[in-house]
Structure formats: structure tokens, C-alpha cells
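This briefing concerns the structure shown below. It is intended for reading alongside the sequence and the coordinates.

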Amino acid sequence: MNKINTESSSDNPKSMRPIDSEMPELLCPAGNMEKLSAAVTYGADAVYLGAGDLNLRSAGAGFQWEELPEAFALTKANNVEAYFCINAYPRERDLDLAKADLEKLAACPPDGIIAADPGVIRIAKQILPNIPIHVSTQANTGNSESAKFWKEFGASRVNLARELSATDVADIAKRCPEIELEMFVHGAMCMAISGRCFLSSWLNNRSANMGRCTHPCRFEYKATGLRVEEKTRPGTDVWEALEHEGQTEIFAAEDLCLIQYVRWLSRLGIAALKIEGRTKSSSYIAQVADVYRSAIDASKTGEPLPARTMFELRNAATRPLSTAFFKTSGPSTIAQPPTTEERKPIVARILEKRGDDSWLVSVKSRWELERNTEVLVPGLQRPAMTTGTYSFETIHGEGKDVIHSGTQAVLRTDQPDIKVGYFVRRA
């Protein structure tokens, strides 16, 4: 796993992938080739991606059709499954587009198709009868009878609704032992039922259910009422709008984080643990995937969660982390995003080896030569790269004390743990 294989998977098993079928698959987002590479490098067993207008990230995190052969070649070479999203809810006028997209996939088939609309699934089964169907969270599957319906309809896997409690999940798993169940365990949540929201359509005429959400739940609003108290619960605030500089993000849900339940979900037999984030950065995917890969591996061996688990997840967070509906006692905020002083920003990604001690890097944020840094090595290893052990050059060989975001530079160091695809961050 220390180097992405671009040729063959037969002699390159992933060193940290579970080898028994009882361990859940780690399913990671891939919004473009760099994010796909990050997911593979940091331990994904499978990725989900999309192209065209009928995947729910079509507005900003989709592949071009001509990129899919390269993407699928990369996943196959690294023993990683690739699932294609066509999980929008098309209108009648969109059905020809759905057929055309699925016909394009026939020339470059994925390992599975993620869909929510029964019509799309029906068309997929006609055009790609041998490709497994995974039912998207957009279908809002919340009970065992719904899961069994999808199984009878031809699906091999069902993603359970994010609104379920641990008790709900356990009951469904008990009643559906013959169905693969998948769950989101980390990432952004929606204020609507499994993402079926109409705010974006109402405010901006762009449908969330067609992959064009403008995320108005993240907008800032001026509050005209600050606090809500329910009649039978006097003195208890059940909803409060908190302002920052006169605005409030009242509709924005906290981010989901079920890292503490990975072992329990593994024992329950959940087939896949899914991370949200096709629109997130590649460095976000790297940090979060590394944590959940390590947690799944620890579940397999019976070891406790690594000590740095929550720090790593907090470092990648921009909103509070919550158990959402999973605890029967109600939502629980388990961590706040780091302050500016606490955060360790990613400064670069290693692109290629240039010599014995030189590496071409893509700079993600301002990096000063006087900064101590650390390398993100898969397995939650963070070896240091301290001031005085490295230097910068432009790609033309000019020495620099600072390199800037959005540029490429040459890093010179004899740090032995650096590999292509790894990230470097401030220490």
C-alpha cells in the first residue's frame, strides 16, 4: 500500500486490507483522479465515483467519461472495487439520458452501480445485467421489508438511511442476513431525509435530487427569532439559532462520525462502511480514510482504536462531529473542529520521485522552510521532517524559503518514509 500499483494487482496485495469476509469494506469517495489516488493510497477497499449529469455530485465532483478507463485501471491494479453513481431521481425527460449513460458504461463497466430510482435500476438491469446494483442512501431504506424488496428487485447491496439508530440497524441486520448492508459512518449530513431536499430548488432553481445542489443549508442567514421552546418542555431550548457576525447557519447539520462504533458494526456484519466527501479535498480523504482503515484493522485484531484517532478526525473537520441519530438517547456532539492554532494544515502532496533525495510536490498551502512538518504515512504513522532536514527549489532549480499554494516545487530531503501519493502537513 506504500505505492500505488498502476500495472497489475496479482502480485501486489494491499498490506492493510482485511483478509476475511467478516470485516467490512472501507468505501471512500472519489471526486476526481487525485481524490481517487488518495483513497487508494490510504486504504480504501472500494471507491464510489460518477460522471455525467445523473450522479448526485454532477455539479462539482464528477469524472469526465474519457477518464473512466484510467480510473478503473487504477482501481483494478490495486485490488480496489469501483462503484459508479447514477443515483439522481430523473424526470421523464431524463430517461433517455439515463439510458445513454448506462450504455456508455457498457464499454467500460464498473464493479457496481449505485442507484436510487427504481426506473434507473430497471434500465441498468436491462443494459448491464451482470453488474451488481447497490441501492443508494437516497432511497431512504429504513426497515427490513424495504431491504428485502430491493433484494427481490435485483439489488445485491442496500445503503441504510442515515436517520437510523443503532437499534434499528441491528434489527435490520438480524432480519436480513442474506443482504449486504452498507452504512455511512463519516462526513456531511443533510437536514432533509437522506438528502431528498428542496431548498436548493426553491432558492436557486437547482435540484439537489438531480445532483445540482447549491447547499443553501450552509448559507448564512440573519435570524429574526433566536430560540424555540416546546410547549410541554418549559425552560428547555429545543432549537437555537447562534449568530456569528450577525448571521447564523441554522440549517447546517453537524458532520456524522461513528468511529467509536466501527468494531460493533464489524461484528454486526455490515458489509461496507462508507465515507462521505466527493466534493471534499484529497487531503481530507487521505486523513479520514487512514483513520477508518486503521480502525477496521484494529477491529480485526481486537486492538483498541489508535490513540491519535480523534485528533486526526478533528484535524480534517470543518464542522462539529456528531453521532447524529445513531445513539438511541439522541444526537451527541463528540468533537469540535480545531481552532486555527490547533489545526495542522496539509502543505503538499508528493507527485513523483525526481532523484535519490528529490521529489516533485504539489503545494496545497503556504509552506515555509522554517516549519517542522510530518509525513502522512498510511497506518496513522506520522514521521517527522524537521527544519534543517529538507529544502525547496523551483522546478527550474532555484532555491526558495517559501513555496505557495497552487504551485509545484521540488522538495529535497533524505526522509526515508516519503512515497509518491503521500501528503505532508505542518507538525
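The model is predicted. Its largest nonpolar core holds 114 residues, and the salt bridges number 22.

**Nonpolar core**
- Within the largest nonpolar core, the residues that touch the most other members are Leu36, Val47, Leu68, Ile113, Tyr292, Trp367 and Leu411.
- Helix 9 (residues 282–301) is the element that gives the most to this core, supplying nine residues.
- Beyond its neighbours within four places in sequence, leucine 411 is in contact with several residues, including Ile350, Trp359, Val361, Trp367, Met385, Phe392 and Ile418.
- As a general background, nonpolar side chains in soluble globular proteins tend to be buried together.

**Helix 2 and the neighbouring strands**
- In helix 2 (residues 68–77), Leu68, Ala71, Phe72, Leu74, Thr75 and Ala77 are buried.
- These buried residues pack against helix 1 (33–41), strand 2 (46–50), strand 3 (81–85) and helix 3 (95–106).
- Strand 3 is mostly covered, with four of its five residues buried.
- Strands 2 and 3 run parallel and are joined by five bridges; leucine 49 has phenylalanine 84 in strand 3 as its bridge partner.
- Strands 3 and 4 (the latter residues 112–115) also run parallel, joined by three bridges, and cysteine 85 stands opposite isoleucine 114 in strand 4.
- From strand 3 the chain passes through helix 3 to strand 4 in a right-handed β-α-β crossover.

**Cysteines**
- The count of disulfides is zero.
- Cysteine 28 counts as buried because its relative accessibility is 0%.
- Cysteine 85 likewise counts as buried, at 2% relative accessibility.

**Salt bridges**
- Arginine 157 and glutamate 25 form a salt bridge whose closest N and O atoms are 2.9 Å apart.
- This pair links distant parts of the chain, strand 6 (residues 157–159) and strand 1 (residues 25–29), 132 residues apart.
- Arginine 157 is buried at 4% relative accessible area, and glutamate 25 is buried at 11%.
- Arginine 319 and aspartate 255 meet in a salt bridge at 3.0 Å, N to O.
- Arginine 319 lies in the loop between helix 10 (309–316) and strand 14 (321–322) and aspartate 255 in strand 12 (residues 255–257), so this pair ties together parts 64 residues apart in sequence.
- Both arginine 319 and aspartate 255 are buried.
- Glutamate 374 and arginine 425 form a salt bridge at 2.7 Å, N to O, and both are buried.
- Glu374 and Arg425 also belong to a network of salt bridges that links them with Asp290, Arg308, Glu312, Lys344 and Arg382.

Notes
Residues numbered from 1 in each chain as written. Predicted model: local features only at pLDDT ≥ 70, side-chain atom pairs only at ≥ 80, totals over all residues. Heavy atoms only, no water. Core = buried A, V, L, I, M, F, W, Y, C linked by side-chain atoms within 4.5 Å. Buried < 20%, exposed > 50% of the residue type's maximum accessible area, 1.4 Å probe, protein only. Helix = DSSP H or I, 4+ residues; strand = E, 2+ residues; numbered from the N terminus. Contact = heavy atoms within 4.5 Å. Disulfide = S-S within 2.5 Å. Pairing = 2+ DSSP bridges. Right-handed = clockwise from strand over helix to strand, strands pointing away. Salt bridge = Lys/Arg side-chain N within 4 Å of Asp/Glu carboxyl O.
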